[in-house]
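Q: Could you take me through the salt bridges and buried residues of this model, and show how each label follows from its cut-off?

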Amino acid sequence: MESWDGDDVRARIREMAAQDPGRERFGADTHRYELTPALPEAEIRAFEESHGVYLPMEYRSFVAEVGNGPAGPCHGLMPLTVARPEAGEEWAMDDEWEEDRLPGRLAEPFPLTEPLPGRIGEPTDALTRGTLMLAEVGCGSFIRLVLHGPRVGEVWQIDPDWGGFVPASPSFRTWYTDWLEGP
């Protein structure tokens with residue numbers, strides 16, 4: 001099943017917000033349990049064409065049927081097509097978001113076929129090509145969606161200082177649904 005029930009997702013997010021009025025849950029102070037409108041098909045298609053990619057269907061259908069962030073895991077989902085309204089506040093996630101949108105970067109092959117655990121002692125730029133940054137975990141760690149190769153559709157976490165670059169979830173749907181169903 002690739003489609004999302006946007007009404008159900010939005011209702012669950014409203015429940016989560018009501019249960020966390022002080023925004024104590026990790027990342028809630030950033031995403032505030034808010035969803036921006038879903039993207040029109042033409043805008044998603046234009047993004048794919050301009051970057052030479054096909055977005056994995058679970059993610060693509062989410063931004064088309066539910067919303068273009070930010071309510072979501074970690075510090076929230078990054079928007080697909082336009083920078084966060086708060087961009088420019090010197091957040092690492094904004095730089096990462098902009099880097100993803102450099103010409104040809106998303107269309108490159110994802111270089112890993114196996115996890116790379118542990119400290120990464122080199123710049124991570126070459127490792128993250130062919131992936132789309134979904135969220136910031138914090139302290140230079142990011143959640144990324146694999147766009148190409150045998151791992152397409154998987155969600156990976158990159159933590160260059162401690163955890164390496166490893167799978168975080170088998171799919172976008174699982175990753176996001178786990179957050180919706182969490183405490």
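**Labels and their grounds**

A: In this predicted model, a salt bridge joins the side chains of R60 and E41, with N and O 2.7 Å apart.

Q: What makes the pair R60 and E41 a salt bridge?
A: The N to O distance is 2.7 Å, and the rule asks for a side-chain nitrogen of Lys or Arg within 4 Å of a carboxyl oxygen of Asp or Glu, so the pair qualifies. The pair links distant parts of the chain, since R60 belongs to helix α4 and E41 to helix α3, 19 residues apart.

Q: Why is R60 called buried?
A: The relative accessible area of R60 is 12%, and buried means under 20%, so R60 falls in that class.

Q: Why does E41 count as partly exposed?
A: E41 has 35% relative accessibility; buried means under 20% and exposed over 50%, so E41 lies in between.

Q: What makes R144 and D100 a salt bridge?
A: Their side chains meet at 2.4 Å, N to O, and the cut-off is within 4 Å, so the label applies. R144 is in strand β3 and D100 in helix α5, 44 residues apart, and both R144 and D100 are buried.

Methods:
Residues are numbered from 1 along each chain as its sequence is written. This is a predicted model: local features need pLDDT of at least 70, side-chain atom pairs count only at pLDDT 80 or more; totals for chains, interfaces and linings use all residues. Side-chain values use heavy atoms; hydrogens and water are left out. Buried means under 20% relative accessible area, exposed over 50%, partly exposed in between (1.4 Å probe, protein chains only). Helices (H or I, at least four residues) and strands (E, at least two) are DSSP runs, numbered from the N terminus.
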